[in-house]
Amino acid sequence: MLKEALRARTAGTAKEKQIFIFGHCRLTVLTPRLIRVEHCSDGAFEDRASTAVWFRAFDVPPCKATLHRGTITLTTPEITLTVHARTGTPQTVTFSNGKTADCLNFGNLHGTCRTLDATFGPVPLQDGLVSRDGVSLLDDSRSFLLDADGRFCPRKRKGKDVYVFAYDHDYRAAIQDFYKISGSVPLIPRFALGVWWSRYHAYTQEEYLGLMKRFAAENVPLTVATVDMDWHWTDPNKRFGTHYKGKDGWTGYSWNTELFPDYKAFLQDLHQMGLHTTVNLHPADGVRAFEDPYPAMAKAMGLDPKSKQDIPFRCGSDTFWNAYFDVLHKPYEKEGVDFWWLDWQQGKKSDVPGLDPLVALNHYHYLDNAENGRLPLILSRYSGPGAHRYPLGFSGDTAQSWRVLHFQPYFTATAANVGYTWWSHDIGGHYLGERNEELYLRWLQLGVFSPILRLHSTSNDLMGKEPWRYRPDVCAAAKDWLRLRHRLIPYLYTMDARTHREGLALCEPLYYAYPEAEEAYDKAYRNGYLFGSQLLVYPITSPQKKQLGMGAVDAWIPPGRWTDLFTGAVYTGPLCLTLHRELTEMPVLAKAGAILPLSDDPGNACGNPAALTLWLYAGDGDFTLYEDNGQTDFDTHKAETQITQQLQGSTLTVTVAPTAGDCIVLPKKRQLTLVFKDLEPSVLTCAEAEVTQNAAGEATVILTDYDPTVGIQLHLQGATYRKAVPVKARVLNIFCRWQGSNAHKTQCYRLFKIAKTKEELRRALKRTRLPGTVRRAVEETLLQTDA
């Protein structure tokens, strides 16, 4: 029998009131808009949990179903579903507003895929759970089941097992209800949200620790230290005289003591630096006699260690799974390995016919990592619907190319459509491709505003991702971006909790918030995405325009006031335009009323910060900061701080409420800094605290001895938006940047020079023939809000 930690808690049997049976068809109402439709020739329906669906017992409102002339009609308070009774095929859905949609999965907005390994650009995506037509289908007919003892088992009967998601354009509700039947997205550990170092390279113990010290000396915080497969012996045939074929050194469970002479001290040193550690696994070749844990593993499997008989990797053996974790992994976890990187690349076949080993590995590894009381984590490839229960996703080894970079924002956000919210990419690309300083920095910028920022590359000496391997300006910018990612951890962890509790992804497609806006579906803008509750991101994923020496991205700005975090430019949507940015900038827009919490703690520290900064963008807004103890009992050891701001005329009221919950998890005192990012500092006053200016000239209030249990309210008078650089000066700057003939530029600038108002500048733009790049840059600056 599987050990207790490996047995998931499921509830696959629905309540009687949810079920309607007509011959060989069974319909189960899971929510008023989510219906399970089964068809089985012998009427023996399946109640066990599947790899995709764990829970089916819910209280639902009264529904009715009838059979008439071969058609089953099921009516709930929200929809009417028709099903072909003889085949069990869902046919149509009629919504309560009268709209009708066919159950053909047309208009599906896609989901994700298993891996991006060895790709050089876009790849096809599997279907998701949301559709622009309003109805999407999840075909669960071929998935494996989970029995009462936690084992994977095949379906004994052929038939249909389809879930009908009829949510029209309420995409968030569709995914939230999927989590109800599949299980919520777990809370991932806080340290996973910082900067990861990873590289396929045969580091020595001294070399790796020296590199970590170099990052610290450069003031670049890291939170995760990854050791690729060279942590173990990778040349058994040469070293041990074996005769294995193929990739004989990929699988290993014994530390390479030539590279790591004291691996226990190595792991302890990393922890003392504030780093968490993961190492790479390729378990396909099982456990071989040369491995250090082999004697204990052989005994656990009932073998004589003297036989030196290889122990194959077996998905269908309880004894193997128990020993696999307790003998091979738990001892290393006790010595300092925090979690495991599952690098399964050996196909979809196992000793259990039809069972994909990746499904079993993700499931059992994640459950086992929770056994130590800490928040569990793995890093592995996507294994199908339901894989969101096992974060994080490892997207594989991609080429270093602009095409790969351009695909990743869309790929990451679209995965939300199947509930998969925690993709981790090889930031900067893994191998092949080209060396390009601009590409590196643009990719790193995307990484800062991605679910996970994991620097990674192949063993080629020329492909390291350390910032100091790039030219000085790129190096300096890269370090600034990496520091920003670390500072963002309080915001990211709050969004992490939001995903776990509310089923809202960190990265969402634009149509989640704006489902009726045509622009939200437009391919021209599909790389834009919502980053948590406060931000809108448009990564620049193409080379800079040579005429201006700036990067550019087409964007749709939703309704409302949006302020760029890095340039201060303000846009009032809805707008369609091209955004232009320097190499060191990327368009990240904060909505009016946005509140961004950041950490100012030094070094690699990533706990609940003693020095907390709030970036505030004036308007009516609220944000509840989430913090906890970082353990599996986080739900009883959490602290939440509600922060609100309200703008009435020229008065801005900011309230930081007393923290609710378990305040023991917080520092007793904090330095709380409030930065008013878009207010004019020279006229801003506050009765409760002094208003100063920081190095960037922004209005700032610093509370050096803030007690989180008490809270504070600030009333700021003279709250007026900072004035933008005059529009004509912005236009002049664009013309100055334009690389080209001075005579031609002067001629083109003639009408702009004499213009006195923004309207006259618009007329000048219409009457002047400009290169497309220059025209779009002028259009953007004319569309900016000046105050």
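Does Asp161 count as buried or exposed? Asp161 counts as buried because its relative accessibility is 2%; here buried means under 20% relative accessible area, exposed over 50%, and partly exposed in between, with a 1.4 Å probe and protein chains only.

Two remarks apply to the whole tour. This is a predicted model, in which local features need pLDDT of at least 70 and side-chain atom pairs count only at pLDDT 80 or more, while totals for chains, interfaces and linings use all residues. Residues are numbered from 1 along each chain as its sequence is written, and side-chain values use heavy atoms, with hydrogens and water left out.

**Stop 1: Asp161**

Select Asp161, which lies in strand β13 (residues 159-166). Helices (H or I, at least four residues) and strands (E, at least two) are DSSP runs, numbered from the N terminus. Now display the side chains of Arg36 and Arg155. The side chain of Asp161 makes a polar contact of 2.8 Å with that of Arg36, and another polar contact, of 3.2 Å, joins the side chains of Asp161 and Arg155. A polar contact is a pair of N or O atoms within 3.5 Å; within protein, one must be able to donate a hydrogen and the other to accept it, and residues adjacent in sequence count only if both atoms are side-chain atoms. Leaving aside neighbours within four places in sequence, Asp161 is also in contact (heavy atoms within 4.5 Å) with residues including Val37, Glu38, Leu138 and Ser141.

**Stop 2: Asp368**

Move to helix α7 (residues 357-369), where Asp368 is found. Asp368 counts as buried, since its relative accessibility is 1%. Which side chain makes a polar contact with the side chain of Asp368? The side chain of Lys330 does, at 2.5 Å. Apart from neighbours within four places in sequence, Asp368 is in contact with Lys3, Leu6, Phe325, Lys330 and Glu333.

**Stop 3: the open sheet**

Select the seven strands of the open sheet, in the order β18-β17-β16-β15-β14-β22-β21, with parallel pairing. Two strands pair if DSSP finds at least two bridges between them. β18 (378-379) and β21 (426-427) stand at the edges, each with a single partner strand, so one side of each has no neighbour in the sheet. Within this sheet, look at β14 (residues 195-197) and β15 (residues 224-227), which run parallel and are joined by two bridges. Trp197 stands opposite Ala225 in β15.

**Stop 4: antiparallel strands**

Next, select β32 (residues 638-648) and β33 (residues 651-656), which run antiparallel and are joined by six bridges. Thr644 stands opposite Thr655 in β33. The hairpin of these strands has two residues between them, and Gly649 takes a positive phi near 60 degrees.

**Stop 5: the nonpolar core**

A nonpolar core is a set of buried Ala, Val, Leu, Ile, Met, Phe, Trp, Tyr and Cys residues joined through side-chain atoms within 4.5 Å. Select Trp321, Tyr324, Phe449 and Phe676, which touch the most other members of the largest such core, one of 210 residues. Helix α6 (residues 318-335) gives the most to this core, with eight residues. Apart from this core lies another, of 24 residues, including Leu81 and Val162.

**Stop 6: aromatic rings**

A pair of aromatic rings is described by the distance of the centres and the angle of the planes. Rings of Phe, Tyr and Trp (its six-membered ring) pair if their centres lie within 6.5 Å; planes under 30 degrees apart count as stacked, over 60 as edge-to-face and the rest as tilted. The structure holds 56 aromatic pairs. One of them is the stacked pair of Phe240 and Phe290, at 4.7 Å centre to centre with 10 degrees between the planes. Phe240 lies in helix α3 (residues 236-240) and Phe290 in the loop between β16 (276-281) and α5 (294-300), so the pair ties together parts that are 50 residues apart in sequence. Phe240 counts as partly exposed at 34% relative accessibility, whereas Phe290 is buried at 15%.
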